[in-house]
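This report covers ring contacts, nonpolar cores, strand pairing and overall totals.

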Amino acid sequence: MKKVFLFILALMLMVKTVWAQSFDATVNRTTVPEGETFVLTLDLKDVDTSSTPDIGALSKDFTVLSVSNGYRTNIINGDVSKSRQWSLVLIPDRSGSLTIPSIELAGYQTQPITLNVIPAGTTDQLVQGQAADTPRFKISGDIDNFSPYVQQQLNYRLTIYDAGGLQGETPFFVTDNDDWIIKSLGEPQVETKIVNGQTLREITFNYALFAQRSGEQTVPPVRFNGYYLTKETRTDPFARFFDNDPFFASFGMNDVFASRTPVVLNTKPIKVNVRPAKVDTGWWLPAEEVKLSAEFAGDKPQFKSGEAISRTIYLKAVGVLDNQLPEIKFAAVNGVKQYPEKPQTDMKVENGKVVSYARMTNVYIPEQAGEIILPEISVDWFNTATGQAETAVIPAYHTEVMAGIQSSASVAAKPRPEQQPVLMPAAPSRTVTTVEQVDNTQIIWYLLIAFVGGIILTLLVSKLITFAATPTTNHKKAVLAAAETKNLPKLRDELLVWAAAEFPRHKISNLQDVADIFQNSAFNKELDRLREALYAETAKDWDDKTFIEIFKKISKQTRKQRRKTDEPLPKLYR
């Protein structure tokens, strides 16, 4: 009987232990505004395992911003229970009814959870209420042409609506191919409105997009990584003294005790039908306007044989990139030598349009007097406004070449074949005074060597001073040191300092500016991962080894990249 009692007692303890073991999933809210985060908590109780949950299934509808874990021990009435928890900060990838799938760990599975992700809707809905599940942010992107020609400028308007104190970096297009060239059209425009008694900000960015191949294309989506401050009054010891006075809050007194709540906003991809080029041969230049002009050096050029005349050709095209401008060819002219110089190009933003300029100078040297005709210069282009092919023309130039002074002098100086040398008569006898001459050749060589040596020494000293004064090597070491220690805020700051030192002509204020300089897909992905990790509670899951490997490769290319991009006109448009 005693054995039966012990068996029943052991069985009850075993059943109690089995009942205590569980793997549960909970969320801090089931209604989530679009673009905002929520917390998924996974709780494993009284199960001894070193495994971690498989969260791969979450990537279908959610983006995982951070993962943290911890242990907890509870003692209730002498019963000891242990649990292990994982906290995941997630953000929905779309609006609507989404399901957090069942997650498996050590033979246990959580129950699915259904979320209601509220779309941002209209701008008025952003400020209708103060509830935590009311959307406070919205992002939208639209274009002005759904059927552009290949390489034609397409205007993209991005608007972020903010009703909750949004902060963050510059938005960026999510793309890893070369189907589009994207240029910024200047600084964003910020407009503040009062809607339903609350403040609403509209932040508008304008971009120029150029499709690089025809057919059905997708305008890549735009992502904005930001945050808003959530005040923690429980940890704010000064709140009761100032009674939440906005005057003191404006000085940042309470911001010290606030936490950053991440916000990730994404636009929807836009389908467009890109029409092919209208010409089979020749240069394809789809523009809204093309102008071609020319001017000679001086008001009224006078052509003379043997003398140089300079002529500059100007080309202006609206709605195209500078690398789309054609190279102007100068036709040969009988009796005239031509020396065209290398063309110079420039690109600006004027009235919301990308405007490209080219300037080419050609030097003409007539070889003989008489009439010459400089042929017309033309550029074929396609008018995207009218849908017609057009030609910009500089008419042919007729002029008379006069005989040059240099040419006449050279003819007169030629000796005639029959002319005999004339012998000068002997000079009369006179007293000759001998003057001793010193050979200065050796002294001149010494002075010349000393002069050249001084120049070389000056250049070397200047180079050493410049090298010593440029701390790019130290900046690179600082970036690597911050990456190795996973100090992500310091890594971000050191990256900006390093890039500013390497490319002083560029305006660098955020990580996207750094990405725009290199335009390297692998490096851009690492910068994206760094952005996401900056908002996480811990940098444990950030891969420092991959970042260091790619950064070392990209930093070796800075000298070549600096020569390519450090132009008089900074590249502000990516």
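## Tyr397 and Phe303

Tyr397 is partly exposed, at 25% relative accessibility, whereas Phe303 is buried, at 1%. Buried stands for under 20% relative accessible area, exposed for over 50%, and partly exposed for the range in between, with a 1.4 Å probe and protein chains only. The ring centres of Phe303 and Tyr397 are 6.4 Å apart and the planes meet at 40 degrees, so the pair is tilted. Rings of Phe, Tyr and Trp (its six-membered ring) pair if their centres lie within 6.5 Å; planes under 30 degrees apart are stacked, over 60 edge-to-face, and the rest tilted. Because Phe303 sits in the loop between strand S22 (289–296) and strand S23 (309–318) and Tyr397 in strand S30 (residues 397–401), the pair ties together parts 94 residues apart in sequence.

## Basis of the model

The model is predicted: local features need pLDDT of at least 70 and side-chain atom pairs pLDDT 80 or more, while totals for chains, interfaces and linings use all residues. Residues are numbered from 1 along each chain as its sequence is written, and side-chain values use heavy atoms, leaving out hydrogens and water.

## Other ring contacts

The structure holds 13 aromatic pairs. Among them, Phe173 and Tyr207 are edge-to-face, with 5.0 Å between centres and 90 degrees between planes. Phe173 belongs to strand S13 (residues 172–173) and Tyr207 to strand S16, 34 residues apart. Phe173 is buried at 12% relative accessible area, and Tyr207 is buried at 5%. Trp498, Trp542, Phe547 and Phe551 are linked by ring pairs into a cluster.

Arg275 lies over the face of Tyr149, 4.0 Å from the ring centre; Lys348 lies over that of Tyr357, at 5.7 Å. The criterion is NZ of Lys or CZ of Arg within 6 Å of the ring centre and within 35 degrees of the ring normal.

## Nonpolar cores

The largest nonpolar core has 29 residues, of which Tyr156, Ile160, Tyr207, Leu209 and Leu265 touch the most other members. S16 gives the most to this core, with 5 residues. A core joins buried Ala, Val, Leu, Ile, Met, Phe, Trp, Tyr and Cys residues through side-chain atoms within 4.5 Å. A second, separate core of 27 residues includes Leu480, Trp498, Ala515 and Leu527.

## Secondary structure and totals

The protein has 11 helices and 30 strands, taken as DSSP runs (helices H or I, at least four residues; strands E, at least two) numbered from the N terminus. Buried residues make up 37% of its 574 residues.
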